[in-house]
Amino acid sequence: MTFVGARLFLGSAGLGALRGWLGALPVAVRRAVLVPTAANPLPSAPFVRAAADLLKAEGLAVDLLDLERAAGDDVRRVLDGVQVVFITGGYPVFLLEHVRRSGFDRVAAPAVASGSLAYVGISAGAALAGPNMRPLQGADDPGTVDSTTGLGLVPFVVLPHRNRGRAARHDRLAGDPAQTWPVISISDDQAVTVTGDAVMILDSG
């Protein structure tokens with residue numbers, strides 16, 4: 001699947017390359033929406049504040065959209081008029097549960113695919129952009145879904161945090177002939193950028 005106008009930044013943890021990516025977008029970026037939902041079950045999530053601070057430092061107005069508490073009308077209202085959506089890390093299936101329940105997938109995915117909304121996803125947020133989140137399903141994830149199908153904005157699954165003792169598992173998934181989707185394994189100091197059908201892996205410490 002190819003979306004000629006789609007622009008995505010899919011990271012693991014580091015945001016070093018994000019400033020340059022934002023500056024290279026073909027539209028003036030004035031407003032962003034931050035989705036912290038995946039981090040809600042965590043006792044602490046300093047990376048949510050770090051994301052908000054970076055966006056504000058770039059001169060963007062930042063709206064917060066917590067999908068755990070949002071309904072379809074909230075999603076449409078908040079996304080209207082923003083140029084970037086930033087989805088943080090946390091629990092992947094918990095995020096997916098509320099992406100579906102809130103209708104975020106039905107509003108955001110077409111906008112990203114058409115190029116009218118740029119997409120930033122970190123960790124769980126990066127995996128959400130792919131065809132399926134099953135490779136990131138964990139026993140400790142409090143989310144409940146009938147299907148682990150993702151947004152399908154890219155044809156591969158981003159596997160984050162390779163450097164945190166996950167390299168062997170990532171490599172097994174990549175080499176498993178039963179694995180339905182291609183995977184891209186990235187360390188915390190890397191990010192995948194997508195412009196239409198052009199995919200690049202960048203340093204992003």
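**Sheet, crossover and pocket in a predicted model**

Strands β2 and β3 run parallel and are joined by 4 bridges. Strands are DSSP runs (E, at least two residues), helices are runs of H or I with at least four, and both are numbered from the N terminus. Two strands pair if DSSP finds at least two bridges between them. The model is predicted: local features need pLDDT of at least 70, side-chain atom pairs count only at pLDDT 80 or more, and totals for chains, interfaces and linings use all residues. Residues are numbered from 1 along each chain as its sequence is written, and side-chain values use heavy atoms, with hydrogens and water left out.

Strand β2 is largely enclosed by the rest of the structure, because 4 of its 5 residues are buried. Buried means under 20% relative accessible area, exposed over 50%, and partly exposed in between (1.4 Å probe, protein chains only).

Strand β2, helix α2 and strand β3 make a right-handed β-α-β unit. A crossover is right-handed if, with the strands pointing away from the viewer, the path from the first strand over the helix to the second runs clockwise.

Helix α2 also contributes to the largest pocket. This pocket holds about 600 Å³ of space. Of its 28 lining residues, the closest to the centre are Gly90, Ser123, Pro160, His161 and Arg166. The elements that give two or more residues to the lining are α2 (46–57) and α7 (167–175). Helix α2 gives the most, with 3 residues. A pocket is an open set of points on a 1 Å grid over the protein atoms alone, where a 1.4 Å probe fits, with protein on both sides within 12 Å along at least five of seven lines; lining residues have an atom within 4 Å of a point. Grid points are joined across faces, edges and corners, and a volume is the space filled by probe spheres set on the points.

The lining divides into 14 nonpolar, 9 polar and 5 charged residues. Ala, Val, Leu, Ile, Met, Phe, Trp, Tyr, Cys and Pro count as nonpolar, Asp, Glu, Lys and Arg as charged, and the others, Gly among them, as polar.

Most residues other than glycine have a negative phi. Serine 123 has a positive phi, near 55 degrees. It lies in the loop between β5 (118–122) and α6 (124–128). Its relative accessible area is 10%, so serine 123 is buried. Histidine 161 has a positive phi near 65 degrees. It is found in the loop between β6 (157–159) and α7. Histidine 161 is buried, with a relative accessible area of 7%.
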